[in-house]
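User: I am new to this structure. Please show me how to read a few of its features.

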Amino acid sequence: SPLEHDLCVFAGDLNYRLEPGGAKEEQNQVVRDAVAQGKWGKLLQIDQLRAQQRAGLAFQGFAEASIDFQPTYKYDAGTSR
């Protein structure tokens with residue numbers, strides 16, 4: 001069983017996102033500003049996966065390694081950038 005091991009790695013696109021709240025047109029800029037300023041902690045506070053873990057709805061009993069890199073970039077919807 002995976003739970004009987006010292007290390008268990010989950011790999012793949014689990015489709016969790018950052019969810020800053022506020023007006024939709026402001027959400028992208030909130031994330032971009034935090035990335036530009038290297039405020040990873042602020043981004044982790046609005047991370048959907050972390051919210052699910054805090055609520056006990058995902059990956060119960062697992063701990064994630066420290067995140068010290070910026071999130072992966074997705075282009076702006078409706079544009080070619």
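**Reading the model**

Analyst: Start with one residue. At 44% relative accessibility, Q70 counts as partly exposed, because that class lies between buried, under 20%, and exposed, over 50%. Keep in mind that this is a predicted model.

User: Where is Q70 placed?

Analyst: Q70 belongs to the segment after α3.

User: Which residues does Q70 touch, leaving out those up to four places away in sequence?

Analyst: Q70 touches V35 and W40. Q70 and A36 are 34 residues apart along the chain, and their C-alpha atoms are separated by 9.1 Å.

User: Now the rings. How many aromatic pairs does a search of the whole structure find?

Analyst: The search finds two aromatic pairs. Take F10 and F59. Their ring centres are 4.6 Å apart and their planes stand at 75 degrees, so this pair is edge-to-face. The reasoning needs one cut-off: planes over 60 degrees apart count as edge-to-face.

User: Which parts of the chain does the pair of F10 and F59 link?

Analyst: Distant ones. F10 sits in the segment before α1 (24-36), and F59 in the segment after α3 (48-54). The two residues are 49 residues apart.

User: Are F10 and F59 buried, exposed or partly exposed?

Analyst: F10 has 48% relative accessibility and counts as partly exposed. F59, at 24%, also counts as partly exposed.

User: What is the geometry of the pair formed by F10 and F62?

Analyst: F10 and F62 are edge-to-face, with 5.3 Å from centre to centre and 85 degrees between the planes. This pair links distant parts of the chain too: F10 in the segment before α1 and F62 in the segment after α3, 52 residues apart. F62 is partly exposed, with a relative accessible area of 31%.

User: Which residues do the ring pairs link into a cluster?

Analyst: F10, F59 and F62. F10 takes part in the pair with F59 and in the pair with F62.

User: Where is N15 placed?

Analyst: N15 lies in the segment before α1.

User: What is the phi of F59?

Analyst: F59 has a positive phi of about 50 degrees, although it is not a glycine. Its place is in the segment after α3.

Methods: Residues numbered from 1 in each chain as written. Predicted model: local features only at pLDDT ≥ 70, side-chain atom pairs only at ≥ 80, totals over all residues. Heavy atoms only, no water. Phe/Tyr/Trp six-rings, centres within 6.5 Å; stacked < 30°, edge-to-face > 60°. Helix = DSSP H or I, 4+ residues; strand = E, 2+ residues; numbered from the N terminus. Buried < 20%, exposed > 50% of the residue type's maximum accessible area, 1.4 Å probe, protein only. Contact = heavy atoms within 4.5 Å.
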